Amino acid sequence: MSARETILKRLRERADGPLSAPESDFAVATNRGWSVEERLARFERLISSVHGEVLHLERDDWTQGLAQLLADKGVRHLALGKEHPVAVDARRALADSGIEMVDVDRDIEAWQREQFEQVDAGLTSTRGGIAETGSLWLWPTSDEPRLISLVPSIHIAVLDADALEDTFFDVVEAHGWAERMPTNALLISGPSKTADIEQTLAYGVHGPRELVVLVRHAGAPAGEKA
Amino acid sequence: MSVQTPGVYTYSPREFHRQAHDALGNPQIRANFRKAMDGLMTKRRDSFGDWDLEALRELGANIRLRALAKLPDLLEQLEANCKANGIRVHWAEDGDQACRIIREICQSHDARSVVKGKSMVSEEMHLNAHLEEVGIEALESDLGEYLVQLNEQTPSHIIMPAIHLNTDEISEILHDKTGIERSRDVDYMTAAARSQLRERFMAADVGVSGVNFAVAETGSLCLVENEGNGRMTTTVPPVHVAVTGIEKVVEHLRDVPPLYSLLTRSATGQHVTTYFNMISSPRKAGEHDGPKEVHLVLVDNGRSNIYQDDELLDTLRCIRCGACMNHCPVYTRVGGHTYGTTYPGPIGSILSPHLMGLEETKDLPTASSLCGACGEVCPVKIPIPDLLVRLRRESVGEGRGNVPGAGVKRTRKEAAAWKGFQWLATHPAIWRSGTAVAGKLKVLAPSRLGVWTEYRSAPKPAGTTLHALVKRHQASKAHEEER
């Protein structure tokens with residue numbers, strides 16, 4: 001008998017007899033009922049508490065904010081996609097900035113060391129955000145592969161304010177994740193960190209040292225309205 | 001200063017008492033654990049502030065119970081969905097078989113270098129040593145695991161492997177083993193480890209990781225982490241091997257968010273970790289990164305045995321958060337290595353006897369004051385104190401005999417003594433006259449009772465029995481009322 005058959009047989013022929021499965025009540029994981037403002041405030045508070053930076057920008061000219069950010073951080077080499085509207089906008093706006101646009105639509109084998117050693121920042125879109133935990137959700141694609149949110153020292157993520165939802169459970173349910181899981185689905189909630197040295201927090205242990213979330217608002221940024 | 005921490009393999013659960021004695025006499029160990037556990041307990045409490053914790057624990061326990069109730073079906077469903085997604089699935093009855101499977105995967109790719117994300121199952125089956133025997137280097141990439149490996153130790157905590165080391169000790173290890181400057185600057189040390197490990201990620205032939213939750217419904221492997229080494233391990237090398245115990249499967253994707261909430265808050269008091277990494281397939285055509293091959297190794301190693309027994313089954317609900325050790329007064333004082341097992345603390349004391357047998361681990365179920373803290377904080381409501389008592393019964397042959405090595409602690413003398421006590425206590429007349437005689441003869445009571453009196457004074461029978469005292473008291477009260 002194979003290991004598989006042996007294990008399954010042992011489980012099926014359980015000495016104390018079959019078990020009955022309880023029903024689950026998921027109410028505690030959903031129904032937060034937050035307003036748009038509450039969601040945004042909560043998202044910002046939580047992601048800031050773990051060292052994430054949040055910038056509020058107007059949707060129409062968000063790339064100005066991006067350009068300013070890149071200048072402030074001294075970014076010379078920016079990895080980004082080509083097809084996603086975020087990448088298209090960014091490439092257009094940064095064309096004359098002197099910043100090198102690093103193409104990521106290449107198999108990693110061809111440029112692994114370049115990505116690890118020469119890219120200062122990765123720019124990605126996000127699919128949405130989670131207010132309860134201050135998280136971004138990303139489904140990397142061939143246009144925006146997995147490693148550009150991990151390898152460069154700075155990860156810049158673009159989030160539309162109206163794509164914030166209350167809880168992880170809500171996101172999984174509302175967007176039918178179970179029917180269409182991608183190769184890799186990610187929640188990102190801050191820059192890489194560790195507390196393995198005597199519980200002292202340090203950032204950027206393996207992944208990005210900085211995570212900057214550019215929150216795009218349809219009208220004037222909420223922060224300025226207040 | 002020098003780091004005088006004994007090497008890994010000197011710790012054994014057989015030597016629990018000696019090791020506990022040594023740890024208690026080591027002020028460094030005691031200070032390191034006390035400080036860390038105090039911090040973790042406070043953080044956990046704060047992180048559940050705005051939650052209905054009891055409702056969430058109820059749901060967590062319920063999800064795990066449902067998964068266990070359907071375990072064989074869910075494992076088959078997981079396998080079918082993983083296969084459909086292109087993930088290759090392997091089954092292993094024990095640790096050795098799992099090691100062989102992983103070694104063969106490595107050898108089929110001529111792998112010389114393996115980089116590892118944190119995996120307690122791989123510790124349980126001693127994967128690193130197994131790979132090293134055939135000339136494959138296995139490097140831990142979680143910072144804590146990396147430090148512990150550099151220091152030739154094993155983890156002392158399932159979530160914070162290097163919690164037994166303080167900053168000075170870590171500075172010394174990194175200086176000795178990697179040649180960086182001695183420094184108390186945590187950012188400097190972290191940056192040094194980052195650049196050392198980045199080279200290794202790029203060079204690794206295979207990445208080996210654990211799994212926090214395996215989702216049957218979608219064939220997805222979920223990994224929880226803060227550092228990003230898990231994502232590196234599962235994305236950079238051309239081959240990814242995930243290894244997990246068969247109990248880690250859950251039925252639906254919607255089961256995952258509540259368990260994830262419970263896990264991070266219970267473990268470190270974080271409302272969320274930096275990364276939640278869900279892997280459902282190898283690199284697809286047209287994608288530009290990620291491993292081209294993904295394997296899942298399902299390891300039994302004693303779990304299907306635990307599964308047979310209605311009471312012991314609860315052990316398998318565990319989501320490996322470590323809250324039970326963080327809150328354990330024994331763990332906090334003796335530290336993780338003292339247990340001499342892969343899983344220390346209360347969960348280790350109820351799990352290890354199944355993995356290693358009670359002959360090896362007979363002292364672990366008694367390494368508890370039964371204060372109940374572990375059961376109270378467990379996010380999936382495992383009745384750990386009850387299970388400790390059950391294993392104590394098993395170890396003296398008073399259980400159902402469902403644990404390997406059951407009865408190992410049974411002695412004829414002790415069994416007879418309890419039998420005698422039981423007989424006395426259920427025969428009131430003889431009990432009463434017996435206790436009265438004992439009271440009269442109290443000068444003859446022994447003052448030394450083996451280990452018991454090493455730190456305690458021996459009990460002396462009272463001159464007058466409680467029964468007699470109560471009777472006298474009631475009589476005098478009745479007398480007063482009459483007057």
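Student: What domains does the domain assignment give for chain B?

Tutor: Domain 1 covers 51–305 and domain 2 covers 425–482. Such bounds come from an automatic or database domain assignment. This is a predicted model: local features need pLDDT of at least 70, side-chain atom pairs count only at pLDDT 80 or more, and totals for chains, interfaces and linings use all residues. Residues are numbered from 1 along each chain as its sequence is written, with chains lettered from A and ligands numbered from 1 in the order in which they are written.

Student: What separates the centres of domain 1 and domain 2 of chain B?

Tutor: 58 Å, taken over C-alpha atoms.

Student: What makes β7 and β10 of chain B paired strands?

Tutor: Strands are DSSP runs of E, at least two residues, numbered from the N terminus. Two of them pair if DSSP finds at least two bridges between them. Here 7 bridges join β7 (239–245) to β10 (293–299), so the pair qualifies. The two run parallel. Val243(B) has Val297(B) as its bridge partner.

Student: Why are β1 and β3 of chain B said to stand at the edges?

Tutor: The open sheet has 6 strands in the order β1-β10-β7-β4-β2-β3. β1 (88–92) and β3 (137–140) each have a single partner strand, so one side of each is left without a neighbour in the sheet.

Student: Which strands pair between chain A and chain B?

Tutor: β9 (184–188) of chain A and β9 (275–279) of chain B pair in the antiparallel sense, over 5 bridges. Ile188(A) stands opposite Tyr275(B).

Student: How many residues of chain B are in contact with chain A?

Tutor: 78, against 67 residues of chain A. Contact means C-beta atoms, placed from the backbone, within 7 Å.

Methods. Two residues are in contact if their C-beta atoms, placed from the backbone, lie within 7 Å. Helices (H or I, at least four residues) and strands (E, at least two) are DSSP runs, numbered from the N terminus.
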